[in-house]
Amino acid sequence: MSDTHHAPQFDYQPALPIPNGKAFMWLFLSTEIMFFAGLIGTYIVLRFGAVAWPSTHDVHLAEIWGATNTFVLICSSVTVVLALEAAKKNNASGAKGWMLLTFLLGLVFLGIKMYEYNAKFSHGIYPQLPHSLIYEKPDVYYAQGVRTKLMKHKAELENKTDKTEEDTQKLGVVDDLLRQVDAAEVALRNEPDSLAGRIKIYELADRIYPRASVHEHRPDASHATHESSPFQLVAAQHESAHNGGHLVGLNDKYPWLELPIMIPGGNMWASTYFLLTGFHALHVVVGLIAFVFLLSMTLDRAAYGTIENVGLYWHFVDLVWIFLFPLLYLF
Amino acid sequence: MDIPVSLALPVLTAACGYWILKKNMSTHTHDTHTNDAHSHEDAHHDNVRLFLGVFLALCVLTTMSFLTYFDFWRNHVPTEVSRAFMMAVSCTKAMLVIMFFMHLKWEANWKWVLTVPASIMSALLILALVPDVGLRMRNASHERMKYAAEVPADEEAAHAEDHKPSAPHNEQPAAKNKAA
């Protein structure tokens, strides 16, 4: 009477010969592939469909930081793999060391990203109003924007009860700029068909925010010609000749001015740049949270599966950046 | 001058890939040869060496795409070529990460079940966007030109023609005809 002998043997047959966690992670990653393919595809359409697109130095994007971040993420991918190898060998302290290094590298990535974002924000390049100072064209709306800002400064300075020497100087700068806006608008009104007024506004925009692409990466040149346009530009006097490939305009010389800036295609650039890098940075943050959980565990052979899953996710984050770096910084 | 430069780097990439593949193959034969417990340590060391090799290749590839930033490259290689080159480098890097760091090279056949559908979906999505790129790249509609920030060089002639002060206004501008 041995029921046990004849009891049917039901072997559990998983659909995929891998742990459920890993299967889930791969399913999740395949949805993530589609998510980022959509974002990157849209970026490509918008970027190559755009009539104008700013060059990287027009918008204070430094290629060297993008390359550094690529290197940081590649290093962190290697340290995750080494942590996994250590866990396979049941070397818990080694695995924890590599994992800690990965976490720190992730922090370095985010730190560089924050520094890069700050370089944009400090120049009034935001993806949306009310912070964004970007105008697309040197037209009457741009002149109006500059005038509104200048009038605001003027009213504030004149209403001050105890004016200092500095305030008087600021007032001089504002009045001087207001005269230039007036001259441009008068030219536009009197001769609407001639280019003179538009050239004046263009030159004003160039003094406020000189674009590197217009000045052909030669910051020392005080006279530069835009190749495909009849505009002869006279750049602002540059205090420091070379500022990381960026030119010094009135907004840099007088940071309190915060005048509207003219970057053709700048709004679309800001929207796509901040959306793509923002979603990627969000994924990095999620990865860092996962690393914190891992660091609170014992990373021996039993934790192999968990480390592998987090590692897969982290490699995917690295993978996305591998494509974002050339597309955003070098194209 | 531009042809040797643009040829030399893909060749370098291929050499790197070959080197890694060769290294990996030696690891693989090592694994199948010795299944006893003593070889465990050796296999681990080989794995680490392989990962470091992949890491070096990734660094070299990153440097290669960064080369396109320098003036020398820009002056000698057409933009389209360097864009294609950068994408090729990125795909190579992605393959290295997926195959070795994500262990897909050593996984069983289930890997195709998950990666192939996702790749097909992504490819379809990109293909669906291609007409948009194709139609919008060279020509813009009259409506878009009116509000465009800057007139692209290609269209400037047509645009000027359209806005001749003396000529009567043309309802079908040249730019639009080209796009249609």
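Start with A:K113 and A:E116. Their side chains meet in a salt bridge, 3.1 Å from N to O. Bear in mind that this is a predicted model. Both residues sit in helix α4 of chain A, residues 92-121. They are three residues apart, so about one helical turn separates them. How accessible is this pair? A:K113 has a relative accessible area of 3%, which means buried. A:E116 is buried as well, at 2%.

Next, A:D182 and A:R147. Here the closest N and O atoms are 2.6 Å apart, again a salt bridge. This pair links distant parts of the chain, 35 residues apart. A:D182 belongs to helix α6, residues 165-190, and A:R147 to helix α5, residues 140-159. A:D182 is partly exposed at 34%. A:R147 is buried at 18%, and the cut-off for buried is under 20%.

Now across the chains. B:E107 forms a salt bridge with A:K22, with 2.6 Å between the closest N and O atoms. B:E107 lies in the loop between α4 and α5 of chain B, while A:K22 is in helix α2 of chain A, residues 20-49. B:E107 counts as buried at 16%. So does A:K22, at 7%. Which residues make up the network? A:K22, A:E308 and B:E107 are linked by salt bridges. Over all chains, the whole structure has eight salt bridges.

Last, the surface of chain B. A nonpolar patch there includes B:W112, B:L125 and B:V130 among its residues. Together, the patch residues have about 720 Å² of accessible area. Take B:L125 as one of them. B:L125 is in helix α5 of chain B, residues 110-138. Its relative accessible area is 33%, so B:L125 is partly exposed.

Methods:
Residues are numbered from 1 along each chain as its sequence is written. Chains are lettered from A and ligands numbered from 1 in the order in which they are written. This is a predicted model: local features need pLDDT of at least 70, side-chain atom pairs count only at pLDDT 80 or more; totals for chains, interfaces and linings use all residues. Side-chain values use heavy atoms; hydrogens and water are left out. Patches are made of residues with over 30% relative accessible area and no salt bridge: like charges are joined within 9 Å, nonpolar side chains (Val, Leu, Ile, Met, Phe, Trp, Tyr) within 5 Å. Accessible areas come from the Shrake-Rupley method with a 1.4 Å probe; for residues, only the protein chains shown count as cover. A salt bridge is a side-chain nitrogen of Lys or Arg within 4 Å of a carboxyl oxygen of Asp or Glu. Helices (H or I, at least four residues) and strands (E, at least two) are DSSP runs, numbered from the N terminus. Buried means under 20% relative accessible area, exposed over 50%, partly exposed in between (1.4 Å probe, protein chains only).
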